[in-house]
Amino acid sequence: MPDYKAPIRDIKFVMNELLDMPAHYQTLPSAEMTTPDMVDAIIQEGSKFCEQVLSPLNAVGDTEGCTWSETGVTTPKGFKEAYKQYVDGGWPSMTAPEAVGGQGLPESLGLVMSEMVGTSNWAWGMYPGLSHGAVNTMILHGSDEQKETYLPKLVSGEWTGTMCLTEPHCGSDLGTLRTKAEPNADGSYSISGTKIFISSGEHDMADNIIHITLARLPNAPSGTKGISLFIVPKVLVNADGSLGERNTVTCGSIEHKMGIHGNSTCVMNFDGAKGYLIGPENKGLNCMFTFMNFARLGTAIQGLGASELSFQGALKYAKERLAMRSLTGPKNPGGIADPIIVHPDVRRMLLTQKAFAEGSRAMIYFTAQQGDIVHEGETEEARKEADEMMAFLTPIAKAFLTEVGYESANLGVQVYGGHGFIAEWGMEQIVRDTRIALLYEGTTGIQALDLLGRKILMTQGEALKRFTKLVHKFCTQEADNQAAQEFVAPLAKLNKEWGELTMKIGMVAMKDREEVGSAAVDYLMYSGYATLAYFWARMAVIAQQKLAAGTDEEAFYTAKLQTARFYFKRILPRTLAHAASAVGGASTLMQMDVESFAF
Amino acid sequence: MADYKAPLRDMRFLLNEVFEVAKQWETMPRLSETADPETADAILEEAAKISQSLLAPLNRSGDEEGCRWENGQVFTPAGFPQAYRTFIEGGWCGLGGNPEFGGMGMPKTIGAQVEEMIQSANISFGLYPMLTAGACLALDAHGADELREKYLPNMYSGIWSGSMCLTEPHSGTDLGIIRTKAEPQADGSYAVSGTKIFITGGEHDLSDNIIHLVLAKLPDAPAGPKGISLFLVPKFLVNEDGSLGARNTLGCGSIEHKMGIKASATCVMNFDGAKGWLVGELNKGLACMFTMMNYERLGVGVQGLAAAERSYQNAVEYARDRIQGRAATGPVAKDKAADPIIVHPDVRRMLMTIRAMNEGSRAFSTYVASFLDMAKYADDSATRVNAEALVALLTPVAKAFLTDRGFDSTVFGQQVFGGHGYIREWGQEQLVRDVRIAQIYEGTNGIQALDLMGRKVAANNGKFYELFANEVAAFIEANRENPALAEFIAPLSAAIERLSDVTEHVLNQVKSDPNAVGAASVDYLDLFGYTSFAYMWARMVLVAKSKVEGDTSGFYDSKIKTARFFFSRLLPKTMALAESVKSGAADTMALAAENF
């Protein structure tokens with residue numbers, strides 16, 4: 001497994017030079033705590049923990065996996081101890097409000113830590129990661145009593161949380177879920193049913209696990225409008241806050257999966273388990289979706305992490321492995337062959353990974369910055385605008401960045417040749433671990449429907465315009481910047497086409513209800529490449545400015561600029577194919593009889 | 001997981017209706033002695049049966065159990081040794097083998113279909129006989145008669161198996177730097193010493209003997225690829241009377257823990273002065289190896305197709321059964337809580353993509369196989385030379401494009417299952433893990449792309465390419481006025497023009513930039529692949545259109561609809577690829593190695 005090294009220089013580039021986070025942080029309530037020095041110190045400390053504690057456990061977690069027994073689930077060796085260190089270090093409480101025992105730091109800063117945690121050891125990171133959703137749901141929808149009972153320990157990390165949505169027969173289509181909640185005399189509910197694919201549903205790292213569970217009340221309307229949300233603790237909590245009886249919710253088994261072996265994916269059986277309604281009756285999905293954008297952005301990080309870690313591993317190997325000679329003459333005349341990084345095709349793979357990793361970081365941090373404003377922006381208008389921007393970018397970040405992250409992970413294997421297929425090198429683990437990111441938290445297909453159907457066409461293109469305006473503004477600003485035209489000109493052209501493509505699909509969609517589903521994934525991928533082009537153009541312009549002004553980091557900015565060029569010339573043409581395919585028409589998909597799919 | 005069902009209908013369509021291989025056999029006397037339509041069809045039937053009922057049921061268990069190494073011995077998963085015995089009793093190991101030594105002498109067009117079925121059912125299992133067949137090809141083409149007589153009959157029967165020992169810890173792609181030594185002995189044999197890794201089927205419990213073909217260097221051999229020789233090194237020495245003698249001094253040091261093909265033993269082989277015999281000429285080892293390389297590379301391409309076919313069958317079954325959400329145009333399964341997911345356009349997009357690529361792949365591999373047969377069996381040299389050139393040109397495309405798209409397809413097949421696709425028991429994730437290696441071994445797909453663009457296109461200044469482009473042009477010309485093909489001829493013309501244009505562009509760039517090939521090659525190969533598939537689809541449509549009327553099976557109608565999908569939804573990728581190729585090498589080479 002490649003040793004993870006936090007890409008701090010690039011993190012700082014995106015935070016400080018691209019997004020001006022220092023100024024942004026001064027507009028938030030936590031301004032005092034987020035001075036540049038403090039932010040630096042947090043990132044430094046966090047990176048140490050990830051590099052030294054989590055990274056070494058990544059391969060162990062994969063090899064050993066989780067073990068199920070009647071009494072519970074045992075996580076791989078070292079996971080529990082690492083979690084204790086994480087809790088002792090105060091990391092779980094970073095972004096929770098001070099009122100509930102948190103440190104009140106911005107979500108975007110928490111996301112930087114999530115990137116480092118997730119890149120060094122995704123399977124481990126999912127234990128504290130799932131708590132985040134539970135905490136946020138409770139902050140927003142819980143009663144005061146619920147907040148008092150559960151939040152302090154969830155925030156401190158003494159307890160962890162889960163989100164129990166999926167059932168054996170229903171995943172994407174939650175409207176058909178069957179888990180029942182019967183009201184009890186004491187105001188609580190008895191929850192019965194089976195949930196599957198519950199990440200971190202049972203483990204040995206915390207004293208209690210709080211399951212946020214979707215279920216139906218008797219007589220609830222059918223479909224998505226009859227779903228309510230419940231808090232179901234693994235161990236009931238006494239009035240004084242101490243742990244009481246074991247609740248009747250148990251882990252029936254854990255799944256054997258392609259990857260993320262270090263994370264327990266549980267079948268959870270609720271057998272009349274005591275639960276407490278959170279939020280209004282029958283509004284469970286709404287409550288759940290409040291924080292969906294942030295959860296999905298969290299999954300987008302898995303794509304970024306895959307690109308980054310696989311790139312780090314591949315780069316190291318490409319510099320060390322000797323095979324063949326450079327076509328322009330030996331570069332390592334003393335050795336039996338040249339390092340494979342001299343070969344154009346190896347570079348193509350490395351540069352693709354690099355362009356995706358750094359581009360992903362820019363897109364995710366930008367979206368997270370919007371998230372900060374959504375929660376703590378100064379004006380209602382700013383909050384609303386950021387919310388809409390975030391709603392637009394989230395499905396792109398989640399689906400596109402995990403798709404290209406998976407591509408990067410596979411390229412990492414390819415750089416290693418046959419060794420990439422061998423477990424001990426760790427490169428194939430990244431592929432297996434990352435594969436799930438394209439499936440959970442809404443598959444790529446579901447994200448694409450969300451983007452094109454709900455976010456864009458239902459707003460008559462408003463959501464898209466908000467972003468393309470931003471792009472337009474940048475292109476206008478740089479219109480006279482000759483040096484930047486190699487980026488700005490194609491970006492401006494693409495930005496215009498993006499609107500036209502959307503219009504074209506929208507027109508057809510008015511007549512053909514299959515059109516959205518038919519075009520959605522190609523459209524999303526197109527949007528992803530276009531969005532990344534915007535961030536790469538901005539980064540390139542910054543690099544050009546620094547180089548023009550003179551800098552002692554010439555190598556760094558030159559590399560940035562060269563990577564931007566590679567992205568524009570070699571990756572961005574993919575938009576041509578996606579645009580053409582997106583308007584290829586629904587009939588090519590829908591005309592074949594179901595029976596004719598296989599003979 | 002759906003029960004595997006061999007796609008015999010589609011295979012027959014290609015063999016009998018599109019490529020009419022039997023007519024080709026009639027023109028080649030050496031082939032027509034062994035191959036006739038009835039025998040060929042019986043072989044396909046039998047291969048389907050053995051794949052479906054014998055090999056497919058061992059696929060999941062083989063993955064779960066894997067191979068086990070114990071003191072130098074390797075044990076294959078439960079059921080494998082028994083299945084292997086049944087398999088060799090059917091004579092499958094010698095299907096394409098030389099009849100002079102007990103092979104069946106069947107053409108590659110049939111062999112490719114049989115390989116697809118075996119690999120669809122169980123890639124790990126299929127690798128054992130595949131390696132034997134490869135070793136036989138090299139031995140038959142280059143071995144002395146004495147060696148051929150001694151080894152080939154038992155290898156064709158499968159009683160003995162074969163392995164190919166090329167890679168060493170420090171040398172894979174770059175075989176010029178191998179270190180394994182071969183010292184000449186007084187009796188004319190050689191003492192072979194060194195370590196080989198990634199040896200598929202290097203040690204196992206399926207056959208009585210394992211015949212290793214080993215690349216090694218003589219003490220005074222020239223440096224680099226020109227100093228490599230090929231040796232036959234058996235696990236057990238073979239006595240004069242053909243019985244097994246002493247154990248040779250070679251052994252399996254360990255087996256690898258891999259992402260997939262866990263039931264195939266991937267061995268570290270240690271040769272410690274092991275007795276071996278030279279195959280072919282001294283220092284011509286690589287050339288000998290390349291004889292069988294085209295066959296093997298096509299075979300690996302077929303693995304990509306095979307895994308994708310299996311994934312498709314599972315995904316279609318799941319998409320028909322799994323109910324989730326309602327159709328955009330109104331409920332279809334009104335009596336159920338939701339509609340089967342095959343109603344959703346995006347699910348269909350994934351299924352249609354797999355299907356269009358699979359049927360294109362099957363056509364393309366059959367097409368390339370027909371040139372392999374011509375190159376081997378044609379009587380007149382002009383036909384042979386032409387076929388050899390096309391084999392040389394198209395084989396790297398078959399290997400790389402079929403495995404790259406095959407991998408993509410297994411990922412799509414997994415995506416159709418949603419979260420369940422990630423769970424082992426459904427079998428979809430195994431196909432992804434198993435087929436991933438096909439993009440790497442037998443020359444990584446990057447190496448295939450360099451071979452295509454550098455050696456097969458640029459080195460002869462586009463001569464081979466012209467043969468292919470002319471064939472496509474002739475097809476277009478012959479069908480330009482054919483109303484049945486109207487919607488396909490224009491995009492096919494555009495695609496081949498684009499490919500020709502890009503080819504010319506690159507030929508020009510190569511003159512001034514040595515990195516031009518390497519920077520463009522992978523995109524170029526993909527462009528080549530999509531364009532050749534467009535040609536395959538046009539040829540298939542031509543037949544389908546002539547038979548669709550009155551056909552109640554839906555087969556020809558589905559062909560036409562799948563072709564439309566390919567042309568409107570997949571072929572546009574050529575635009576992106578052409579653009580990327582033409583952008584040149586500068587941006588790929590600009591970054592200093594230390595600045596990555």
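Modeller: Domain bounds come from an automatic or database domain assignment. The model is predicted: local features need pLDDT of at least 70, side-chain atom pairs count only at pLDDT 80 or more, and totals for chains, interfaces and linings use all residues. Residues are numbered from 1 along each chain as its sequence is written, while chains are lettered from A and ligands numbered from 1 in the order in which they are written.

Biologist: How far apart are the centres of domain 1 and domain 2 of chain A?

Modeller: Chain A splits into domain 1 (8-290), domain 2 (291-442) and domain 3 (462-589). Take the centres of domain 1 and domain 2 of chain A over C-alpha atoms, and the separation is 25 Å.

Biologist: Which helix of chain A gives the most to the side of domain 1 that touches domain 2?

Modeller: Residues are in contact if their C-beta atoms, placed from the backbone, lie within 7 Å. By that rule, 32 residues of domain 1 of chain A meet 30 residues of domain 2 of chain A. Helices 1, 2, 4, 6, 7 and 9 of chain A each supply at least two residues of the domain 1 side; helices are DSSP runs (H or I, at least four residues), as strands are (E, at least two), numbered from the N terminus. The top contributor to that side, with seven residues, is helix 6 of chain A.

Biologist: How many charged residues are on the side of chain A that touches chain B?

Modeller: The contact takes 82 residues from chain A and 76 from chain B. On the chain A side, the largest share is the nine residues of helix 18 (residues 554-571) of chain A. Sort by class: Ala, Val, Leu, Ile, Met, Phe, Trp, Tyr, Cys and Pro are nonpolar, Asp, Glu, Lys and Arg are charged, and the others, Gly among them, are polar. The chain A side then has 39 nonpolar and 24 polar residues, and its charged residues number 19.

Biologist: Are helix 17 and helix 18 of chain B roughly parallel or roughly antiparallel?

Modeller: Helix 17 (residues 516-547) and helix 18 (residues 555-570) of chain B pack with axes 9 Å apart, at an angle of about 150°. Axes are lines fitted to C-alpha atoms, for helices over the stretch in contact, and angles run from 0 to 180 degrees between N-to-C directions. Under 35 degrees is roughly parallel, over 145 roughly antiparallel, 65 to 115 roughly perpendicular, and the rest oblique. So helix 17 and helix 18 of chain B are roughly antiparallel.

Biologist: How many nonpolar residues are in the contact of helix 17 with helix 18 of chain B?

Modeller: Helix 17 of chain B brings residues including W537(B) and F533(B), and helix 18 of chain B brings residues including F566(B) and F567(B). The contact has no polar and three charged residues, and its nonpolar count is 13.

Biologist: How are helix 12 and helix 15 of chain B set to each other?

Modeller: The axes of helix 12 (residues 381-416) and helix 15 (residues 463-479) of chain B come within 9 Å and cross at roughly 100°. The two helices of chain B are therefore roughly perpendicular.

Biologist: Is I260(A) buried or exposed?

Modeller: I260(A) lies in the loop between strand 10 (249-254) and strand 11 (265-278) of chain A. Its phi is positive, about 35°, although I260(A) is not a glycine. A residue is buried with 20 or more other C-beta atoms within 10 Å of its own, exposed with 12 or fewer, and partly exposed in between, with C-beta atoms placed from the backbone. I260(A) has 29 C-beta neighbours inside 10 Å, so I260(A) counts as buried.

Biologist: What does M324(A) count as, by its C-beta neighbours?

Modeller: M324(A) sits in the loop between helix 10 and helix 11 (344-376) of chain A. Phi of M324(A) is near 60°, a positive value in a residue other than glycine. With 16 C-beta neighbours inside 10 Å, M324(A) counts as partly exposed.

Biologist: Which residues does E296(B) contact, leaving aside its neighbours within four places in sequence?

Modeller: E296(B) is in helix 10 (residues 285-321) of chain B. E296(B) is buried, with 25 other C-beta atoms within 10 Å. Beyond those sequence neighbours within four places, E296(B) is in contact with G134(B) and E442(B).

Notes:
Two residues are in contact if their C-beta atoms, placed from the backbone, lie within 7 Å.
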